[in-house]
Amino acid sequence: MSKFFSIPFTGQSSFILQKTLYHLKDDIICVSFWNFNTFGPKFFSRLKDPTPLGERTDLVYRIPCSSCSKFYVRETLQHLEKRINRHRYDESKLNDETALAVHAKSTTGHCFDFDKTSILVQESNTRKRKIREVIVIEIINSNTVNFKRDSAKLTTMYGSVINNS
């Protein structure tokens, strides 16, 4: 019959003790060791610091309009901070390239609250991320300022699933 014990590791003497106990009488005594000098888990967290919002990548995010209840939804591979800076530039120049800038230009007094940007989904697979973006836009359809060009690519099957959710 085998018996198992765990003892603190103290160097070469631990191996001598292990060998001696293994050959005692008819019983087999199996010894394992643990390091009594470890204090890491008691003093240090095993968790990493969270990545700051602006440094996160591979996500679908939304930016609220500060003057109405509408949102701009977008996906990005880049750092979120870089995309937000580009949106700020687009909004200030009032160009027609993004729905965000068009909303700010066409609706007097409207601007987006970039400080309240929120991450909706983090997805490293580009294709899945683009699909998730379209799905989010479709789900909150009436509250987005997006052009909705990509939603035409969704099949009617997906459309019925989204509308029933």
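A: Happy to. Let's start from Leu59: leaving out residues up to four places away in sequence, Leu59 touches Arg74, Glu75, Thr76, Leu80, Ile119, Val121, Gln122 and Arg129. Please keep in mind that this is a predicted model.

Leu59 also belongs to the largest nonpolar core, which has 12 residues: Leu59, Tyr61, Ile63, Cys65, Tyr72, Leu80, Ile84, Ala99, Leu100, Phe112, Phe114 and Val145. Strand S3 (59-64), helix H3 (80-93) and helix H4 (99-106) are the elements that give two or more residues to this core. The largest share, three residues, comes from S3. Apart from this core lies another one, of five residues, including Val60, Val73, Val121 and Ile137.

Now to the sheet. Three strands make an open sheet in the order S4-S3-S5, with antiparallel pairing. Strand S4 (71-76) and strand S5 (118-122) stand at the edges with a single partner strand each, so one side of each has no neighbour in the sheet. From one strand to the next, the twist averages 20°. S3 and S5 run antiparallel and are joined by four bridges, and Leu59 stands opposite Gln122 in S5. H3 packs on this sheet, where H3 touches S3, S4 and S5, and the direction of H3 makes about 40° with that of S3.

Asp90 is a residue to look at in helix H3. Asp90 is buried, with a relative accessible area of 2%. Leaving aside neighbours within four places in sequence, Asp90 is in contact with Asn95, Thr98 and Ala101.

Next, the charged residues. Asp58 sits in the loop between helix H2 (40-43) and S3. The phi of Asp58 is near 55°, a positive value in a residue other than glycine. Asp58 is buried, at 16% relative accessibility. A salt bridge links Arg129 with Asp58, their closest N and O atoms being 3.5 Å apart. Arg129 lies in helix H5 (residues 126-139) and Asp58 in the loop between H2 and S3, so this pair ties together parts that are 71 residues apart in sequence.

Arg129 has a salt bridge with Glu75 as well, and there the closest N and O atoms are 2.7 Å apart. Because Arg129 lies in helix H5 and Glu75 in strand S4, this pair ties together parts that are 54 residues apart in sequence. Arg129 counts as buried at 1% relative accessibility, and Glu75 is buried too, with a relative accessible area of 9%.

Elsewhere, Asp113 forms a salt bridge with Lys116, with the closest N and O atoms 3.9 Å apart. Asp113 is partly exposed, with a relative accessible area of 22%, while Lys116 counts as exposed at 57%. Salt bridges that share partners join Asp58, Glu75, Arg129 and Lys130 into one network. The count of salt bridges comes to nine.

Finally, the cysteines. A search of the whole structure finds zero disulfides. Cys65 is in no disulfide, and the nearest cysteine sulfur, that of Cys68, is 3.6 Å away. Cys65 is buried, with a relative accessible area of 5%. The sulfur of Cys111 is 6.7 Å from the closest cysteine sulfur, in Cys65, which is too far for a bond. Cys111 counts as partly exposed at 34% relative accessibility.

Terms used: Residues numbered from 1 in each chain as written. Predicted model: local features only at pLDDT ≥ 70, side-chain atom pairs only at ≥ 80, totals over all residues. Heavy atoms only, no water. Core = buried A, V, L, I, M, F, W, Y, C linked by side-chain atoms within 4.5 Å. Buried < 20%, exposed > 50% of the residue type's maximum accessible area, 1.4 Å probe, protein only. Contact = heavy atoms within 4.5 Å. Pairing = 2+ DSSP bridges. Axes fitted to C-alpha atoms, helices over the stretch in contact; angles between N-to-C directions. Disulfide = S-S within 2.5 Å. Salt bridge = Lys/Arg side-chain N within 4 Å of Asp/Glu carboxyl O.
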